[in-house]
Amino acid sequence: MNESPITQIKNNLNQLRQLIDNLGTTVNNQQQTLITSRAELFKPAVQQSSDEVGRLLIHVRRTLEDLERRVKAQEKEQEQLKALQDISAAVNSSLNLDEVLIEVMDSIIALTKAERSILLLRNEETDELENTLYRNIDRETVDKQSFQISRSIVQSVAETGEPIATMNAQSDPRFAAQESIISYNLRSILCAPLKIKGKVIGVIYTDNRVAAGIFNDTDRDMLSAFANQAAVAIENARLFQQIQSQLDEITEMRDLMNNVFESIASGVITINEKDRIALVNRAASDILSATPDEIIQQSLNEAEEMLQLPFDSLVGDVK
C-alpha cells in the first residue's frame, strides 16, 4: 500500500529526530570523555566545538518540533476535510427530518471531539430559536433539563450570523463575566449558524465542560462549513416533510370525496373543461349499464351516441 504524503513526511521527521538524538548522545559522550581526559591542551578546542554542536542541536530540535506541529495540524485538517466530505454525503442522503437532525448532531461531535451538542432551529411562526435536539459523545439523546448552555453566545451567533470559538470561556474576556459561563462552569465552546441564502435558520452549539483548549479557529471554520451543508440538508428535509404532509392531506381529501361520490344513490357524471366525462359513480354506471372504463374520457358526442342519451343538449342547458 502506498503511503500518503503526510505519512511519508512524518516518517522522515521521525528518522531526523532519531538522527538528532543519536548525535546529541555522541556529543554528550565526547564531553564526558573530555572531562576524564588528561589531554589538557585539546580540552578548550574540543569543549568549544561541543558547545557549538550542542547549541546547533537545540536549534534543530526546536525547528523539528515546529515542523512536527505543522504536520500534525495539516494531518488534522486533512482528516477533518475527509470527514466533512463523508458526513456531508451522509447527511444529504436522507430526506427524513428526524434522521437528518440526528446525523447532523452526531457528525458534529465526531468532527469536533466535543462532549455534547445542541441544535436550535428557528420557529417559522414565532421567529424564535427553539431547542430541537440534544446529543452527547455516546450518540445518545440527552435530557434537555441537564443541558445548560451559554444563551448569550447562541444569541450572538444567531444575530450576527458569525461563528464563535473559545478555548476557555472562563478566561476569555468576551465571555468570562457572563453568568451562564460562571454558573455552568463552561470551558471550550464552539457555536455556528445554520444559514440558507443569508438567513439564519438555526444555531449549532457544542462544548466541553471539562477540558479547555479543545477548539481553535480551524475547528470554528470547519464547523461553519459543515453547518452550511447541514442547513441545506435540514431545509430540504423540512420542505420534503411539508410536501409529504400536504400530499397526505390531499390524498385524504381525495379519498373522502371519492367515498362521498360513490355513496350517492343518484347517478352522477362529472364533465371536465374539455367536455369529456371525467368521473362516473357506481349508481350512474349501474343505470347506464356501462363500466366506468367504457364511459370515462369519452366526449359528449361519443357518450351520447353510445348510450343513446341526450348528453349534449342537457349539458348545453346547464351551461
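User: Which residues of the largest nonpolar core touch the most other members?
Analyst: This is a predicted model. In its largest nonpolar core, which has 28 residues, Val104, Leu119, Leu194, Ile204 and Ile234 touch the most other members. At least two residues of this core come from each of α3, β1, β4 (188–196), β5 and α6. The largest share, nine residues, is supplied by α6.
User: Now β1. How many of its residues are buried?
Analyst: Seven of the seven residues of β1 are buried, and the strand is mostly covered.
User: And which of them point which way?
Analyst: Arg116, Ile118, Leu120 and Arg122 point one way from β1, while Ser117, Leu119 and Leu121 point the other way. All of these residues are buried.
User: In which sense do β1 and β2 pair, parallel or antiparallel?
Analyst: The pairing of β1 with β2 is antiparallel and runs over seven bridges. Leucine 120, for instance, has asparagine 131 in β2 as its bridge partner. The two strands form a hairpin with six residues between them, and aspartate 127 in the turn has a positive phi of about 65°.
User: What about β1 and β5, how many bridges there?
Analyst: Six bridges, again in the antiparallel sense, pair β1 with β5 (residues 199–208). Within β5, glycine 202 is the bridge partner of leucine 121, and threonine 206 is the bridge partner of serine 117.
User: Why is β5 described as largely enclosed?
Analyst: Nine of the ten residues of β5 are buried, so the strand is largely enclosed by the rest of the structure. Besides its pairing with β1, β5 is joined to β4 by nine bridges, and these two strands run antiparallel. One of the partners across that pairing is asparagine 208 in β5, which bridges to serine 188.
User: What lies between β4 and β5?
Analyst: The hairpin of β4 and β5 has two residues between the strands, and lysine 197 there takes a positive phi near 55°. Lysine 197 is not a glycine. In general, most residues other than glycine have a negative phi.
User: Is lysine 197 buried or exposed?
Analyst: Lysine 197 counts as exposed because its relative accessibility is 88%, above the 50% cut-off.
User: Where is aspartate 275 found, and what is its phi?
Analyst: Aspartate 275 is found in the loop between β6 (269–271) and β7 (277–280). Its phi is near 60°, a positive value in a residue other than glycine. With a relative accessible area of 27%, aspartate 275 is partly exposed.
User: Changing topic: what lines the largest pocket?
Analyst: The lining of the largest pocket consists of Leu97, Leu101, Leu121, Arg122, Asn123, Glu124, Glu125, Glu130, Thr132, Arg238, Gln241 and Gln242. Two or more lining residues are given by each of α3 (97–112), β1 (116–122), β2 (129–136) and α6 (217–263). The largest share, three residues, comes from α6.
User: One more residue: where does glutamine 85 lie?
Analyst: Glutamine 85 lies in helix α2 (residues 43–91) and is exposed, with a relative accessible area of 57%. Glutamine 85 and phenylalanine 226 are 141 residues apart in sequence, yet their C-alpha atoms are 9.0 Å apart in space.
User: Finally, how many helices and strands are in the protein chain?
Analyst: The protein chain has ten helices and seven strands. Of its 319 residues, 33% count as buried.

Conventions
Residues numbered from 1 in each chain as written. Predicted model: local features only at pLDDT ≥ 70, side-chain atom pairs only at ≥ 80, totals over all residues. Heavy atoms only, no water. 1 Å grid on protein atoms, 1.4 Å probe; cavity = no way out; pocket = protein on both sides within 12 Å on 5 of 7 lines; lining within 4 Å. Helix = DSSP H or I, 4+ residues; strand = E, 2+ residues; numbered from the N terminus. Buried < 20%, exposed > 50% of the residue type's maximum accessible area, 1.4 Å probe, protein only. Pairing = 2+ DSSP bridges. Core = buried A, V, L, I, M, F, W, Y, C linked by side-chain atoms within 4.5 Å.
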